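Work through the exercises below with the model open. Each solution goes step by step.

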Amino acid sequence: MPQTPPFTGQLNTGSYNKNLYQPKEEGYPGLYYNDNNLVSGSLEALIHHLVPTVDYYPDRTYIFTFLLSSRLFIHPYELMSRVCHLCMEQQRLGDPQKIAPKILQLLTEWTETFPYDFRDERMMRSLKELTHRLASGDEVYRKAVSQMSQGLIRRLTVLSQYEEALVKINATAAERLTVLKAKPQAAIQRDLLSICNDPFTVAQQLTHIELERLSYIGPEEFVQAFVQKGPLDNDKNCFSDHKKASNLEAYVEWFNRLSYLVATEICMPGKKKHRARVIEFFIDVARECFNIGNFNSLMAIISGMNMSPVSRLKKTWSKVKTAKFDILEHQMDPSSNFYNYRTALRGATQRSITANSSREKIVIPFFSLLIKDLYFLNEGCASRLQNGHINFEKFWELAKQVSEFMTWKKVECPFEKDRKILQYLLTAPVFTEDALYLASYESEGPENNMEKDRWKSLRSTLLSRV
């Protein structure tokens with residue numbers, strides 16, 4: 001059976017003998033190929049193509065692509081149930097000693113790459129039933145099953161601990177935001193520059209936050225984020241009873257927080273000289289982020305500096321040397337579909353592929369644009385063909401892009417953590433949009449009637465809350 005060429009984005013291969021995994025000579029009917037590449041197939045045929053036999057193990061890019069995209073057509077727990085049934089059938093028909101390690105390898109890849117799927121009790125029930133059958137035959141398999149199960153439990157525990165910590169961080173930040181709604185200027189007693197005045201160190205700590213939050217985003221979240229309705233034949237949402245993309249959404253919220261934090265730090269000081277110094281500091285932080293390959297923090301900083309309450313501070317900006325900022329804005333210019341940024345991203349990706357150190361491997365994409373690209377890929381191509389078959393060409397491309405992200409998110413941050421800076425970046429109070437405008441008008445007065453009216457309205461609203 002021909003297989004599509006592998007794409008970049010490496011997953012753990014395990015330690016099984018690769019010589020065991022040869023392509024099928026004859027495939028399950030219902031799969032269609034073009035130049036040896038799988039382009040479409042019925043759901044039933046694609047499920048059969050996932051299941052190993054005595055003389056066949058599915059291409060690993062196929063495993064990832066199908067497990068990623070199948071959730072648009074079938075619940076993961078239903079897929080697991082059908083896979084388990086077919087695996088048991090293969091065990092019954094073939095040599096259990098030859099088929100068992102392949103089944104175990106498939107389950108291991110599933111649990112390692114899509115651990116969130118196994119929060120569903122129905123998934124775990126099917127997994128336990130099948131692994132119990134595998135473990136009953138041989139001591140080697142019992143140990144392998146035990147290791148796989150323990151690894152899955154560890155991953156799920158870490159995911160839960162991260163989500164609990166994130167809830168606490170967000171609750172702290174939200175509580176401080178409420179204070180700022182009432183009294184923005186008096187609510188903050190310190191700023192980032194009082195904690196750290198080294199742009200490189202701040203950029204490093206931002207990279208810590210980015211990589212940690214990226215590491216918890218499951219690949220399936222990119223698919224689930226786009227599911228609105230009707231992926232199933234019965235027109236029901238696969239994920240109506242699950243959190244769809246909580247870690248992805250939390251990461252987007254982090255981008256927004258960083259933008260508002262930058263704007264808050266700039267608008268907060270009462271003196272023009274201090275505000276100019278803060279702007280120049282963040283320009284240097286943004287430049288260091290670019291050098292590291294942290295494009296998401298870079299764009300968040302630029303976005304914060306371009307917010308209207310900041311950009312209107314003309315007297316402050318007149319004191320700023322903007323040449324470096326102009327270069328950074330040019331790099332992230334949205335014209336020509338972010339051509340300059342995409343060129344820089346390709347360069348960072350190439351550097352990452354050939355890198356010898358973790359420092360050179362860092363690639364943190366501008367996340368909102370990545371989501372936008374995947375969204376348009378999903379919307380621009382039909383998931384099913386006119387004959388009802390699944391359009392697998394579309395999902396090869398989707399999986400290729402997600403797989404590249406999977407490679408980036410696995411990089412360990414090489415920089416030393418600074419707890420004080422991290423705590424400030426994650427929990428320091430930030431102004432709401434109204435508070436930003438009010439602080440901006442207090443720093444540099446309104447220039448026209450529209451701004452004067454807004455200033456009066458904001459001040460009266462503030463006084464009514466005090």
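**Exercise 1.** How do the residues of the lining of the largest pocket divide into nonpolar, polar and charged?

*Solution.* Start with the ground rules. This is a predicted model, where local features need pLDDT of at least 70, side-chain atom pairs count only at pLDDT 80 or more, and totals for chains, interfaces and linings use all residues. Residues are numbered from 1 along each chain as its sequence is written, and side-chain values use heavy atoms, without hydrogens and water.

Ala, Val, Leu, Ile, Met, Phe, Trp, Tyr, Cys and Pro count as nonpolar, Asp, Glu, Lys and Arg as charged, and the others, Gly among them, as polar.

Now count. The lining holds 12 nonpolar, 5 polar and 9 charged residues.

**Exercise 2.** Locate the largest pocket.

*Solution.* A pocket is an open set of points on a 1 Å grid over the protein atoms alone, where a 1.4 Å probe fits, with protein on both sides within 12 Å along at least five of seven lines; lining residues have an atom within 4 Å of a point. The largest pocket has a volume of about 730 Å³ (the space filled by probe spheres set on the points, which are joined across faces, edges and corners). Of its 26 lining residues, Arg155, Ser215, Tyr216, Lys409 and Lys410 are the closest to the centre. Domain 1 (37-153) and domain 2 (192-227 + 243-431) both contribute to the lining, so the pocket lies between them. These bounds come from an automatic or database domain assignment.

**Exercise 3.** Describe the second largest pocket.

*Solution.* Its volume is about 430 Å³. Among its 19 lining residues, Arg342, Leu345, Gln401, Glu404 and Trp408 lie nearest the centre. The lining divides into 9 nonpolar, 4 polar and 6 charged residues.
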